[in-house]
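Please open the model in your viewer and keep the selection tool at hand, as this tour goes from one selection to the next.

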Amino acid sequence: MASKYVLLMRGINVNGVSIKMKDLKDALIGLGYPDVQTILATGNIILTQDASQAFGELETAEIARALGKEFQYDCHLFLRTGDEIGDIVAAAAAVEVPDEFHHYCLFCDHKEVVSELSGLFASASKAPGERFIPVGREAFWMVPKGSTLGTDFGSKVLGKKAYKSRLTSRNINTVNKIYAACSK
């Protein structure tokens, strides 16, 4: 039986780091992963592996090193299983978010980062209606559209070197697309 693994790349196709998804897919195939799918142009990768093949943090680190060398950038990857993405989608569906808000999922490398982010959010000044909800080793952040980087929390977390290797964010619409592709 095959298993789906999701690799989320941080910081591509922004700030001068440009990687075409075809080139990314070709690089992964060249690393020995024959069943590769990319979702959107933001570094969302689905690998399908035979269940007998182990896949974990060690393989993720090896892929990050190889992709960093291939594309000449500081590559950070966040690994989740297709089932974990499904759990995030289910949790997100239970949260009401007004249409005028972005609903982000912050994928963290460890649950401790979520605690740290919770503390930062608690001490930050907030935009009206802005919320932060820890969900295991992820967190949901709801912020008014147009103010993502303009909020106190957003300016302290997103794009900061301290969190470069510790988290990446995706809009929940992107997470839903990733999960739909995992379910095929």
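The stops below begin with the sheet, pass to the helices and end at a single residue.

This is a predicted model, in which local features need pLDDT of at least 70 and side-chain atom pairs count only at pLDDT 80 or more, while totals for chains, interfaces and linings use all residues. Residues are numbered from 1 along each chain as its sequence is written, and side-chain values use heavy atoms, with hydrogens and water left out.

Select the four strands, which form an open sheet in the order E2-E3-E1-E4 with antiparallel pairing; strands (E, at least two residues) and helices (H or I, at least four) are DSSP runs numbered from the N terminus, and two strands pair if DSSP finds at least two bridges between them. Strand E2 (36-39) and strand E4 (77-81) stand at the edges, and because each has a single partner strand, one side of each is left without a neighbour in the sheet.

Next, select strand E1 (residues 2-9) together with E4, which pair in the antiparallel sense over five bridges, and find Met9, which stands opposite Leu77 in E4.

Finally, select Thr60 in helix H2 (residues 57-71). Is Thr60 buried or exposed? Thr60 is buried, with a relative accessible area of 3%, where buried means under 20%, exposed over 50% and partly exposed in between (1.4 Å probe, protein chains only). Leaving aside residues up to four places away in sequence, Thr60 touches Leu7, Phe55, Leu77 and Leu79, a contact being heavy atoms within 4.5 Å.
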